[in-house]
Amino acid sequence: MKNGFFILLFGLFYNHAYTQGIRTELDAMDSAFAKGDYRQSTLLAEKIYPLAVSQINNDTVLVEFLSTAGSAYYQLEEYAKAGKYFREAADQAKTRLGETE
């Protein structure tokens, strides 16, 4: 019984710490974008992206992440990558937030 409780407690702590890591990365990406450091913003976006859908629980935050990544690539004139992120942001917005948002 103790072992089960310990495993559950560890799992909750690990999940919370991991989610905090994603939040820290998102904040760093937003900060880099706001400062005009679009290259750093895209580097962070590439780091976050593989885990974004499964780790970002707030639908609005997920769509904003994808949109910001697209904007950063757009500013760097990397239009194909920008389009990829913008399309996914639009798809996630329709799926998660509905057509009217």
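**Entry 1**

I take helices (H or I, at least four residues) and strands (E, at least two) as DSSP runs, numbered from the N terminus. With that, I read the pattern along the sequence as α-α-α-α. I find four helices and zero strands in the protein.

The model is predicted, and I keep to its limits: local features need pLDDT of at least 70, side-chain atom pairs count only at pLDDT 80 or more, and totals for chains, interfaces and linings use all residues. I number residues from 1 along each chain as its sequence is written, and side-chain values use heavy atoms, with hydrogens and water left out.

**Entry 1: surface and burial**

I looked up the accessible area, which comes from the Shrake-Rupley method with a 1.4 Å probe; for residues, only the protein chains shown count as cover. The protein exposes about 6,900 Å², and carbon and sulfur atoms supply 57% of it.

For residues I use buried for under 20% relative accessible area, exposed for over 50%, and partly exposed for in between (1.4 Å probe, protein chains only). Of the 101 residues, 30% count as buried.

I count a contact when heavy atoms lie within 4.5 Å. Among contacts between residues at least 6 apart in sequence, 55% join residues at least 24 apart.

**Entry 2: the nonpolar core**

A nonpolar core is here a set of buried Ala, Val, Leu, Ile, Met, Phe, Trp, Tyr and Cys residues joined through side-chain atoms within 4.5 Å. The largest one has 18 residues, and Met29, Ile56 and Phe65 have the most contacts inside it. Two or more residues come from each of α1 (2-34), α2, α3 (59-75) and α4. The largest share, six residues, is from α3. As background, nonpolar side chains tend to be buried together in soluble globular proteins.

I listed the contacts of Ile56, leaving out residues up to four places away in sequence: Ile22, Leu26, Leu51, Val61, Leu62 and Phe65.

Ser41 lies in helix α2. I note a relative accessible area of 0% for Ser41, so this residue is buried. Beyond residues up to four places away in sequence, Ser41 touches Met29, Ala32, Phe33 and Ala72. Other buried residues of α2 include Thr42, Leu44, Ala45 and Ile48.

Thr68 sits in helix α3. With the sequence neighbours up to four places away left out, Thr68 touches Met29, Asp30 and Phe33. I checked the separation of Thr68 and Asp30: 38 residues in sequence and 7.6 Å in space, C-alpha to C-alpha.

**Entry 3: aromatic pairs**

My rule pairs rings of Phe, Tyr and Trp (its six-membered ring) if their centres lie within 6.5 Å; planes under 30 degrees apart count as stacked, over 60 as edge-to-face and the rest as tilted. I get four aromatic pairs by this rule. For Tyr49 and Tyr85 the ring centres are 5.3 Å apart and the planes are at 75°, so I file this pair as edge-to-face. Tyr49 is in helix α2 (residues 38-55) and Tyr85 in helix α4 (residues 79-97), so the pair ties together parts that are 36 residues apart in sequence. Tyr49 is partly exposed because its relative accessibility is 24%. Tyr85 is buried because its value is 1%.

Tyr74 and Tyr79 form another edge-to-face pair, 5.2 Å centre to centre with 65° between the planes. Tyr74 is partly exposed at 46% relative accessibility, and Tyr79 is partly exposed at 48%. I also see Tyr49, Tyr73 and Tyr85 linked into a cluster by ring pairs.

**Entry 4: more on Tyr49**

I looked for charges over rings, requiring NZ of Lys or CZ of Arg within 6 Å of the ring centre and within 35 degrees of the ring normal. Lys84 lies over the face of Tyr49, at 4.6 Å from the ring centre.

I take the bend at a residue as the angle between axes fitted to the seven residues ending there and the seven starting there. At Tyr49, α2 bends by about 50°, and a proline, Pro50, follows within four residues.

**Entry 5: Glu77**

Glu77 is in the loop between α3 and α4. I note a positive phi of about 60° for Glu77, although it is not a glycine. Its relative accessible area is 58%, so Glu77 counts as exposed.
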